[in-house]
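Please look at the sequence and the model before reading on.

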Amino acid sequence: MTRVAPSPTGRPHIGTALQALIDRAIAQRTGGIFILRIEDTDQKRLDPLALKEILEALEWLGLRPDEGPGIGGAYGPYVQSERLPLYRAAAEWLVEHGFAYYCFCSAERLEALRKEQVAAGQTPMYDRHCQSLAPSQARQRKEAGEPCVVRLRVPRGRVISLTDPLRGEISFQSDLIDDQVLLKSDGFPTYHLAVVVDDHFMRVTTVVRGEEWISSTPKHLLLYEYFGWQAPRLVHTPLLRDSSRRKLSKRAGDTSIEWFRSQGYLPEGLRNFLSRIIWAHPQEKDIYSFSEFASLFRIEDMSRAGPVVDRDLLEHINSQYLRELSPEEFYQELLGYVERLAARGEPVAIEVVGKEEQAVTVLSAEELRRWQAALARDPAYSKRVLQVERERFRKLADVLLQYGFFFAELFQVPEPALLAKHLGSGELAARLLQEYGRRYDHGATQEEWEAMVRGLAEEAGVKARALFMTIRVALTGAERTPPLYEIQQVLGEQEVRRRVASAIEALLAETLPEENKA
RNA sequence: GCCCCCAUCGUCUAGCGGCCUAGGACACCACCCUUUCAAGGUGGAGACACGGAUUCGAAUUCCGUUGGGGGCACCA
């Protein structure tokens, strides 16, 4: 029995995906159940869209929970704000049995106390001021309507230890543990109370959470002890790092599952990547299915150090999955991807990983719409385009960055300067393109075509390479493209001739501006 | 400041006392292929943080140092 318990604030984080991946794998392997629970106990940070996005993200990744909000299950509700009476009863029970107490300290007093402690070089901690209140007196004040919280009563002089299957035994001095607030004055529980109560009643047996929770675990253990419940297995996964080795923070922006999706990574690619950086396949394989992961994965084999999210590796893994798609699947994936981006009606920044570091290309909403139209207009043609050297694509967005020229609505007649660049002269370029047009035979084989171009270059006394480049620019508007012969075959004779003509026209307009106008 | 976690090539890691003159993958470099850019092929460079201890023998065990990270809220 596993669960993932994100709080609905902001976009679903990639770390949540990692947790869910592990949870789903453990559940699969042990024949258990994987639960989604929403931890919305912080009323100030709620994001109304978050629940929908979490469900959508998990669905996309193929990590569907067995129980959860919008999914069902016998142990709900699965949203904490709908379970308030449970937490209140639990808090009351703790107070009654002396394991917790009411605290009436004001925010101001706590703030002043904290400042004082920090100034004195101490660890900020509640001074247990209200612990000395007589229970009857405290109850009276509470019933009189005085705002209060419920605090955990942490014993003195004890060692509290947990056994993390990944890290072994970890011990804490109870004297260093704060009397945590369990129930806030607004009646909502804090994470610490809610997580223990829910995991117990939802009969969770394995908790997989980030390393950042290790230090609050003794509080949870104390609660299990007080309630007389058996604590689940608590596993703390390493934290994903950015390239400067910091923990990936939501504020950095590029850490949401949605961001990875918008870059054109396939769910399988992202999933494989995440498992790959926290775990090593016994045969050192890099590419493996989820079911293979689920059957081989063991918690103890996870790495303990926080891995850097390496985009190069992600791209490599993703490209392997891209290659496995059939032409039809590839087309459908891309179409779905573009439709989704276009529907957002806003520009998308695509990060180009590799060579030029930090290169970002922004696709406008208009360009995305054009892509959508272009891909849908003639599916057969689009599929043919996508088969041209598709090994060059590492993510779906690469198609948008590289293959626009195949489509009329995305092709732009190149600048004269670019057309003239490789031959050094616009006039010469125009003349040779003209001759190229004359000699061009769409039915020629690649060898024949190539011989023709080389012959033409030789006659004109120019380098074949320069002529090829000029034709390339005329046909595509770009200098880095798939091989020309293939492009021409896909484009079709008519379009090839049209583009050559447009290029010549552009060159002539530039070379003889005045005469032409007149 | 206090508490906790972690530590093998740039990155992800294999290694669980002798198979290690440390293996793989990504990235990088060179060459080949080549009409550009990719892809592909071949080759190359590249790491056990440091200091003690245990042992016949340590990347592997123990201790310390250093470094990195996380946590110390009526946030999760």
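Does Cys148 count as buried or exposed? Cys148 counts as buried, at 13% relative accessibility; buried means under 20% relative accessible area, exposed over 50% and partly exposed in between (1.4 Å probe, protein chains only). This is a predicted model, in which local features need pLDDT of at least 70, side-chain atom pairs count only at pLDDT 80 or more, and totals for chains, interfaces and linings use all residues. Residues are numbered from 1 along each chain as its sequence is written, and side-chain values use heavy atoms, with hydrogens and water left out.

**Cysteines**
- The structure holds zero disulfides, a disulfide being a pair of cysteine sulfur atoms within 2.5 Å.
- Cys103 is buried, with a relative accessible area of 1%.
- The closest cysteine sulfur to that of Cys103 is in Cys130, at 3.8 Å, which is too far for a bond.
- For Cys148, the closest cysteine sulfur is in Cys103, and 8.2 Å is again too far for a bond.

**Strands**
- Strands here are DSSP runs (E, at least two residues), numbered from the N terminus, and two strands pair if DSSP finds at least two bridges between them.
- Strand β4 (residues 149-152) is covered on both faces: Val149 and Arg151 are buried on one side, Val150 and Leu152 on the other.
- Strand β3 (residues 100-103) pairs with β4 in the antiparallel sense over four bridges, and Tyr102 stands opposite Val150.
- Strand β7 (residues 181-183) also pairs with β4 in the antiparallel sense, over two bridges, and Val181 is the bridge partner of Arg151.

Technical notes
Chains lettered and ligands numbered in written order.
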